[in-house]
Amino acid sequence: MDDDLDRALDAVGPRLRALRRERETTLADLSAATGISVSTLSRLESGSRRPTLELLLPLARAHGVTLDELVGAPPTGDPRIHLRPVTRHGMTMLPLTRRAGGIQAYKLVIPAGGRAEPTPQTHEGYEWVYVLNGRLRLVLGEHDLVLAPGEAAEFDTRVPHWFGRADDEAVEFLSLFGAQGERAHLRARPRA
């Protein structure tokens with residue numbers, strides 16, 4: 001059993017280095033995100049420092065991976081993904097991606113109820129939305145749009161925008177969001 005534990009812990013350093021390089025993050029950036037010193041991070045990656053739970057938890061959070069993925073835990077045999085929904089501003093957001101950086105995917109549900117007054121917001125990024133059920137009201141700059149099931153919209157999130165129900169019924173939609181302004185690329189027609 002000790003050999004298995006030693007092998008798992010020895011593999012953490014190279015895995016940490018690979019995750020950091022894959023995300024094109026410097027040790028200084030990772031130190032700022034986790035509060036772990038650059039020298040400790042370097043020793044963890046090189047294998048000269050044994051990882052502890054206190055070090056692994058903030059690193060897993062910063063890399064957007066589970067602790068199991070970070071330490072290379074053996075698969076449990078259960079293929080189900082246990083996503084954790086978050087409720088904000090009266091809507092439930094279910095993350096569909098679990099990686100840090102790049103385009104993030106969400107399913108959003110706005111429950112049935114009265115109509116809310118639009119409060120447009122701006123932030124860095126680019127967003128693409130696709131309505132699954134219900135009717136989505138999208139206020140985008142000077143435009144006030146209603147999207148029906150099967151309709152999509154894409155926009156720069158630096159333009160003031162707001163989502164809500166177009167009527168009293170619930171609405172479900174998908175959102176692809178790129179914090180650095182990445183855009184979704186859609187094929188206009190099938191390949192020949």
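Predicted model: local features only at pLDDT ≥ 70, side-chain atom pairs only at ≥ 80, totals over all residues.
1. Residues are numbered from 1 along each chain as its sequence is written, and side-chain values use heavy atoms, with hydrogens and water left out.

2. Is Ser 31 buried or exposed? Ser 31 has a relative accessible area of 16%, so it is buried. (Buried means under 20% relative accessible area, exposed means over 50%, and partly exposed lies in between, using a 1.4 Å probe and protein chains only.) A polar atom of the Ser 31 side chain lies 2.6 Å from the backbone oxygen of Ile 36. Setting aside neighbours within four places in sequence, Ser 31 is in contact with Ile 36, Ser 37, Val 38 and Leu 41; contact here means heavy atoms within 4.5 Å.

3. Now look at the whole of H2, residues 27-34, where Leu 27, Leu 30, Ser 31 and Thr 34 are the buried residues. Viewed down the axis of H2, these buried residues fall within an arc of 105 degrees, so they line one face of the helix. (The arc is that of the directions from the helix axis to the C-beta atoms.) An α-helix has 3.6 residues a turn, so residues three or four places apart point the same way. Ala 32 and Ala 33 are exposed on the other side of H2. After H2 comes Gly 35, with a positive phi near 80 degrees.

4. Next, the strands. E1 (residues 86-88) and E2 (residues 91-95) run antiparallel and are joined by three bridges; two strands pair if DSSP finds at least two bridges between them. Thr 87 stands opposite Thr 92 in E2. The hairpin of E1 and E2 has two residues between the strands, and His 89 takes a positive phi there, near 55 degrees. E2 also runs antiparallel to E3 (residues 103-110), with four bridges joining them. Met 93 has Leu 108 in E3 as its bridge partner.

5. The loop between E2 and E3 holds Thr 97, which counts as partly exposed at 25% relative accessibility. Which residues does Thr 97 contact, leaving aside its neighbours within four places in sequence? They are Ile 103, Gln 104 and Ala 105. The side chains of Thr 97 and Gln 104 make a polar contact at 3.0 Å, and the Thr 97 side chain reaches the backbone nitrogen of Ala 105 at 3.1 Å.

6. Finally, the largest nonpolar core has 15 residues, and Val 129, Leu 136, Leu 138, Leu 147, Phe 163 and Phe 173 have the most contacts inside it. (A nonpolar core is a set of buried Ala, Val, Leu, Ile, Met, Phe, Trp, Tyr and Cys residues joined through side-chain atoms within 4.5 Å.) E5 gives the most to this core, with three residues. A second, separate core of 14 residues includes Val 12, Leu 16, Leu 19 and Leu 44.

How values were computed. Polar contact = N/O pair within 3.5 Å; in protein donor to acceptor, adjacent residues only side chain to side chain.
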